[in-house]
Number of protein chains: 2
Amino acid sequence: MIDSTSGKETSATHAAYLSLREMILTGVLPAGEKLKIEQLRKLLETGASPVREALSLLTSDMLVERIDQRGFRAAPASRANFEEILNLRCALEDMAFRQSIAQADSDWEERLVLSHHRMIRAANKPNFEIAHKVFHMTLLSNAASPMLERYCSQLYDLNIRYRYLAAAAANYQRRDISAEHIDILNAAIGRNADVASKALLTHYRLTGAYLSKQLGDL
Amino acid sequence: MIDSTSGKETSATHAAYLSLREMILTGVLPAGEKLKIEQLRKLLETGASPVREALSLLTSDMLVERIDQRGFRAAPASRANFEEILNLRCALEDMAFRQSIAQADSDWEERLVLSHHRMIRAANKPNFEIAHKVFHMTLLSNAASPMLERYCSQLYDLNIRYRYLAAAAANYQRRDISAEHIDILNAAIGRNADVASKALLTHYRLTGAYLSKQLGDL
DNA sequence: ATGTCAATAAATATCGATTTTTTATCTGGA
DNA sequence: TCCAGATAAAAAATCGATATTTATTGACAT
């Protein structure tokens, strides 16, 4: 097949992976929902094989569950799961952040300042969301522990899912989140692990408490 | 296809998944090796689709890496990776074990005693290996944190891989491992988190040091 | 009404062939 | 000799069709 109009950058599988991931994270595909191949195939306008493979891949991110011989479903959501994510996230990010600080160097500091700058300068909501994740992952990026970073990234995304879940009932929270970010940044650059880690965890726990309230039942 | 001789219990994909997993863990498929579909298809006597899907699934376990458009390879092994696994394992199991102990009840204690009994009674090597993992996972099973347990299980398996890698040069270690297991069991039942956790981590670190020596270069 | 069993419908899993992409090989010119 | 570009071989990705399994429905006996 020759397609001169759109230079398709990636494989059909990868495209399906990204789309499905987005749809699950934002709740377009609701938690716990059965994911039927045929249905997704039509929705994404692609073949069954890429859909199937994308779903298998999403298993790694704990966004999709697979039951042998009876297909796939979006990972279920529950208050217990939300709290588990929050707790794990705090424990693992604490570990990663402290390791990052322990090995702090000027290169890392510069990457921190840069990612923070890009975050506060982000023009629109989607850009901010991306930059926000980049900033937080940069905080952990100096731990020299790729698997730990992968776990943290995974948990970050799983948490985002609950943000969208809570967003339905969203009324605004009165918190200066930019100030919290600056505190984290400064403590990191100051290389004070205890203060920095405390600022980071407070940042997460405050968001967690807010989300928990919004979630109501579940 | 009608096959009256062998009641095939599972799907081709699941069978392929188990075989490939085993082959990667034991080093039959060496770390870093390119995993060609056609080659594995013939080896496992199955179709390309099940192989492909099994490999995608193994991505979750961090046993296989996938690079878009250029296939799969067995996850590489390195000293750094080995040490990262050891450290993460100690941190995460410490957390899970302490949570388990904090919520200790007689049901858990009985499951501990039982799994320990089955381990020391295991008739042969493969049975012991399985029972050993069950015992260790049981230690963590009372944490009520499925994701944390999943991480620990994953890391346990990744560590086994290095055991096989080291086994090539294996000369025997002079350690009373059964005694270490009993210490862990007793401390857990005694609900003394500090002692129990220390016993567990020592158990891992001793094995880690031994393996590290065996690994030599890498 | 209720539970079981067969028949049907729906969905998953798998196969075999084709297309696309990557990798290896070859050739001619600087 | 060595590098660029073309060509051939190999492998990955994808498609469309078929086989298998699971889920649903409805008739029938209890």
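Because the model is predicted, local features need pLDDT of at least 70 and side-chain atom pairs count only at pLDDT 80 or more, while totals for chains, interfaces and linings use all residues. Residues are numbered from 1 along each chain as its sequence is written, chains are lettered from A in the order in which they are written, and side-chain values use heavy atoms, with hydrogens and water left out.

**Chain A at a glance**

- Chain A has nine helices and three strands; helices (H or I, at least four residues) and strands (E, at least two) are DSSP runs, numbered from the N terminus.
- Along the sequence, the order in chain A is α-β-α-α-β-β-α-α-α-α-α-α.
- Taken along the principal axes, the C-alpha atoms of chain A fill a box of roughly 55 × 45 × 35 Å.
- Of the 218 residues in chain A, 46% are buried; here buried means under 20% relative accessible area, exposed over 50%, and partly exposed in between (1.4 Å probe, protein chains only).
- Among contacts in chain A with a separation of 6 or more, 75% come from residues 24 or more positions apart, where contact means heavy atoms within 4.5 Å.

**Where the two chains meet**

- Chain A and chain B each bring 31 residues to the contact.
- About 2,500 Å² is buried between chain B and chain A, with 61% of that area from carbon and sulfur atoms; buried area is the accessible area (1.4 Å probe) that two parts lose on being put together, summed over both.
- Four salt bridges are counted between chain B and chain A, a salt bridge being a side-chain nitrogen of Lys or Arg within 4 Å of a carboxyl oxygen of Asp or Glu.
- Arg66(A) forms a salt bridge with Glu53(B), and their closest N and O atoms are 3.2 Å apart.
- There are 17 residue pairs in polar contact across the interface of chain B and chain A (both at pLDDT 80 or more). A polar contact is a pair of N or O atoms within 3.5 Å; within protein, one must be able to donate a hydrogen and the other to accept it, and residues adjacent in sequence count only if both atoms are side-chain atoms.
- On the side of chain B that touches chain A, at least two residues come from each of α1 (12–26), α3 (48–58), α4 (79–102) and α7 (146–167) of chain B.
- The most is given by α7(B), with eight residues on the side of chain B that touches chain A.
- That side of chain B has 14 nonpolar, eleven polar and six charged residues. Ala, Val, Leu, Ile, Met, Phe, Trp, Tyr, Cys and Pro count as nonpolar, Asp, Glu, Lys and Arg as charged, and the others, Gly among them, as polar.

**Salt bridges within the chains**

- Over all chains, the structure holds 23 salt bridges.
- Asp94(A) and Arg98(A) form a salt bridge, with their closest N and O atoms 3.0 Å apart. Both lie in helix α4 (residues 79–102) of chain A, four residues apart, about one turn of the helix, and Arg98(A) is partly exposed at 31% relative accessibility.
- Asp61(B) and Arg21(B) meet through their side chains in a salt bridge (3.0 Å, N to O). Asp61(B) is in the loop between α3 and β2 (64–66) of chain B and Arg21(B) is in helix α1 of chain B, so the pair ties together parts that are 40 residues apart in sequence. Both Asp61(B) and Arg21(B) are buried.
- Glu129(B) and Arg163(B) form a salt bridge at 2.9 Å, N to O. This pair links helix α6 of chain B, which holds Glu129(B), with helix α7 of chain B, which holds Arg163(B), 34 residues apart. Glu129(B) is buried at 18% relative accessible area, whereas Arg163(B) is partly exposed at 26%.
- In chain A, Arg21(A), Asp61(A), Lys133(A) and Asp157(A) are joined into one network by salt bridges that share partners.

**Two residues of chain B up close**

- Ser141(B) sits in the loop between α6 (125–140) and α7 of chain B and is partly exposed, with a relative accessible area of 22%.
- The side chain of Ser141(B) makes a polar contact of 3.0 Å with that of Arg111(B) and reaches the backbone oxygen of Thr138(B) at 2.8 Å.
- His132(B) lies in helix α6 of chain B and is buried at 8% relative accessibility.
- Beyond its neighbours within four places in sequence, His132(B) is in contact with Met119(B), Tyr156(B), His181(B) and His203(B).
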